Amino acid sequence: MVGDRVDYRSAVTIRTVLRAAAVTGATFGVVLLGSPAFAAHRDDGDDPGKGLSALETLLIFGVIPVALFLLIALLVSAPSIARGPRYRADRGWQGPPLVFGAPRDLQLPSGSTMSGGRAIEAAPGDSTSEPASEGGGASARW
Amino acid sequence: MLDGEVLTPRQQDEINRAIDIAQRESGLSFTVYVGPPTGDPRAFARKLLAALPDPEQSAVVVVDPTQRRLEIVTGRVAARNLDDRACMLATASMTSAFAAGDLSGGIASGIVLLGEQARHPRSLHLDNP
């Protein structure tokens, strides 16, 4: 049984090696065939000028692409950064609670006013004499 | 009104409009609280209702997106026209919208639904507006 498994594995390994060799060989073949195109012959009247210094090379091929990348990334994310956090169903609520349809000076039961001002302890009489306890309602989860 | 960043101004307008419509329709005043309540949501909704200027004629909707809980409580007088069955209907409508990720739309349609359910014939000597 063990021998079978070893045989199977070696067959896979051989196939992998063959594949890698084929890919490598094909690549090198193409490069070798095309190598005359890379030969530096000077044509009449050409003027290649000075080569780039290491710093210039870095600037052109390193700094400028990175800067462009950052600029585009910034442009993409700028609107949502300006808008601030938004409600997403899977991330809960990020931000202060919102109250609609209530008077401006309503004191939330948490003890803080709507404007986030001073913390006010709920008066003990308020909680005991809840006139709304005779009312109705419904609750649900989702 | 808090300048909340979490709901866009358009979404907040949607909710405010729905509250206006429901109040005009029913004569009750509706208050919506969106956010994590302190303590038990039902008790919180009750306290919020008690803190309103006219708790008898009011209904409070507390939406807790973090715990995914919804509470609707009604005042004593409001409960006559807006019974628990109507509130259940509104919660069903709202939670199905919330489950689909539409918070403001669910709140707005639920409030309008509450207003329609609470519609009753006007008696001019009782309903002051």
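Let me start with a convention: two strands pair if DSSP finds at least two bridges between them. Helices (H or I, at least four residues) and strands (E, at least two) are DSSP runs, numbered from the N terminus.

Hello everyone, and a word on the source. This is a predicted model, where local features need pLDDT of at least 70 and side-chain atom pairs count only at pLDDT 80 or more, while totals for chains, interfaces and linings use all residues. Residues are numbered from 1 along each chain as its sequence is written, and chains are lettered from A and ligands numbered from 1 in the order in which they are written.

Let's begin at strand β1 of chain B. What is the bridge partner of A:Val99 in β1(B)? That residue is B:Tyr33. Likewise, A:Phe100 sits opposite B:Val32. Together, β1 of chain A (residues 98-100) and β1(B) pair in the antiparallel sense over 3 bridges.

Now look at the other pairing of β1(B). With β2(B), residues 58-64, β1(B) pairs in the parallel sense over 6 bridges, and B:Thr31 faces B:Val60 there. To get from β1(B) to β2(B), the chain passes through α2(B), a β-α-β crossover that is right-handed (with the strands pointing away from the viewer, the path from the first strand over the helix to the second runs clockwise).

Is β1(B) mostly covered or mostly open? Mostly covered: 6 of its 6 residues are buried, meaning that 20 or more other C-beta atoms, placed from the backbone, lie within 10 Å of a residue's own. In a regular strand, side chains alternate between the two faces of the sheet. Here B:Ser29, B:Thr31 and B:Tyr33 point one way, and B:Phe30, B:Val32 and B:Val34 the other.

On to the interface. In total, 52 residues of chain B are in contact with 39 of chain A (C-beta atoms, placed from the backbone, within 7 Å). The largest share on the chain B side, 8 residues, comes from α2(B). By class, that side has 29 nonpolar, 12 polar and 11 charged residues; Ala, Val, Leu, Ile, Met, Phe, Trp, Tyr, Cys and Pro count as nonpolar, Asp, Glu, Lys and Arg as charged, and the others, Gly among them, as polar.

Finally, two helices of chain B: α1 (residues 9-26) and α5 (residues 103-117) pack at about 5 degrees, with their axes 8 Å apart. The axes are lines fitted to C-alpha atoms over the stretch in contact, with angles from 0 to 180 degrees between N-to-C directions. So α1(B) is roughly parallel to α5(B), a term for angles under 35 degrees. Their contact includes B:Ile15 and B:Ala18 of α1(B) and B:Ile111 of α5(B).

Methods. Angles under 35 degrees count as roughly parallel, over 145 as roughly antiparallel, 65 to 115 as roughly perpendicular and the rest as oblique. Two residues are in contact if their C-beta atoms, placed from the backbone, lie within 7 Å. A residue is buried if 20 or more other C-beta atoms lie within 10 Å of its own, exposed if 12 or fewer, and partly exposed in between; C-beta atoms are placed from the backbone.
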